[in-house]
Amino acid sequence: MSKRNLLLLMESTRSAQVAREIACRIAARGNCTLTGLHIEDLDFPSEVTKESNLCQNLIESIQTGHTDQADVKDAEALLTSQDIRFHEKTLIGPKYSLLAQEAESNDVTLIGREGNFEEQADDAKEVISLMLQYRSRPLIITPPEPVEGNEVLIAYDGNLKSSRAIQIFVLLGLAEGRQLTLLCVDTKKKTAQAKIDSINAFLDQHEVSATTEVIESRSNSRDVLAERIESTRPSIVVAGARGTTGWRQTVFGSTGDYLIRHCPVPLFTSP
């Protein structure tokens, strides 16, 4: 597998802290570059950037996941042993423009949900919405509360966006060692099963196994999915963002929009 390049937006919110923890866990698997990005306001830059402790978080994640490396005390040696490159950078200017620029050179961007659906000082509104509307890279969007566990819930409805999200998630190696559940909701069970079978064929090609869950329901699929997430609290949900229209009226479809704005667990999604 080629090296994974992770971009982490460093902010002071609780959801950004969750994003940091997940980024460190992913990077701790090795063969990875992790960039912690600080973006300062153009009009009110901080005189001193506070210590983020991101490197220490990363070291602790490595030692937790790799007991054979626990006796390595030197941080640089430990990172080298796992083939991990780590650095932080600070940019000053409009958040969306700078984040979008940096995201294009990375495989996935991790971003906390808090503070990123609000109007910015410049002409960029709703950073996460714009990243999904105008950029090509996937996002991991995190809620304010951390979630433990190993289950990955894949919400698949047969459309191109969700198929692409699953493909990228698997190719980045994020499905390795995880308990996958493939969920499809449809008004007809036979139709839902056909969709499940098609994506399972892709997973089989990559030697990834998943438990399948087919739900026949005439209720809004968003409500069914929301109930499933609330009741089981998977460690992450994988779903595609729908197509978008308009500048101020960014529309992802009711299910996608709910997940992006309200999912109580981390969400992996792709434009």
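## How α4 meets α5

Helix α4 passes helix α5 in a right-handed crossing; a crossing counts as right-handed if the near helix is turned clockwise from the far one by less than a right angle, and as left-handed if anticlockwise. Helices here are DSSP runs of H or I with at least four residues, strands are runs of E with at least two, and both are numbered from the N terminus. α4 covers residues 95–103 and α5 residues 127–134; their axes come within 10 Å and cross at roughly 40°. Axes are lines fitted to C-alpha atoms, for helices over the stretch in contact, with angles running from 0 to 180 degrees between N-to-C directions. That makes α4 oblique to α5, since angles under 35 degrees count as roughly parallel, over 145 as roughly antiparallel, 65 to 115 as roughly perpendicular and the rest as oblique.

On the α4 side, the contact (heavy atoms within 4.5 Å) is made by Lys95, Tyr96, Leu99, Ala100 and Ala103, and on the α5 side by Val127, Leu130, Met131 and Tyr134. By class, this contact has eight nonpolar residues, one charged and no polar. Ala, Val, Leu, Ile, Met, Phe, Trp, Tyr, Cys and Pro count as nonpolar, Asp, Glu, Lys and Arg as charged, and the others, Gly among them, as polar. α5 is mostly covered, with seven of its eight residues buried: Val127, Ile128, Ser129, Leu130, Met131, Leu132 and Gln133. Buried means under 20% relative accessible area, exposed over 50%, and partly exposed in between, using a 1.4 Å probe and protein chains only.

## About the model

This is a predicted model, in which local features need pLDDT of at least 70 and side-chain atom pairs count only at pLDDT 80 or more, while totals for chains, interfaces and linings use all residues. Residues are numbered from 1 along each chain as its sequence is written, and side-chain values use heavy atoms, leaving out hydrogens and water.

The chain has nine helices and 10 strands, and 48% of its 271 residues count as buried. Among its contacts with a separation of 6 or more, 79% involve residues 24 or more positions apart.

## Around α6

Helix α6 (residues 160–171) holds Phe169, and strand β10 (residues 267–270) holds Phe268, 99 residues apart. Both Phe169 and Phe268 are buried. They form an edge-to-face aromatic pair, 5.1 Å centre to centre with 70° between the planes. Rings of Phe, Tyr and Trp (its six-membered ring) pair if their centres lie within 6.5 Å, with planes under 30 degrees apart counted as stacked, over 60 as edge-to-face and the rest as tilted. By this rule the count comes to one aromatic pair.

α6 also packs with helix α7 (residues 189–205) at an angle of about 15°, the axes being 11 Å apart. The two helices are therefore roughly parallel to each other. Ser163, Ile166, Gln167 and Val170 of α6 make the contact with Ile199, Phe202 and Leu203 of α7. That gives five nonpolar, two polar and no charged residues.

## Two positive phi values

Most residues other than glycine have a negative phi. Asn31, which is not a glycine, has a positive phi of about 55°. Asn31 sits in the loop between α1 (14–27) and β2 and is partly exposed, with a relative accessible area of 23%. Arg233 also has a positive phi, near 45°; its place is in the loop between α8 (221–232) and β9 (236–240).
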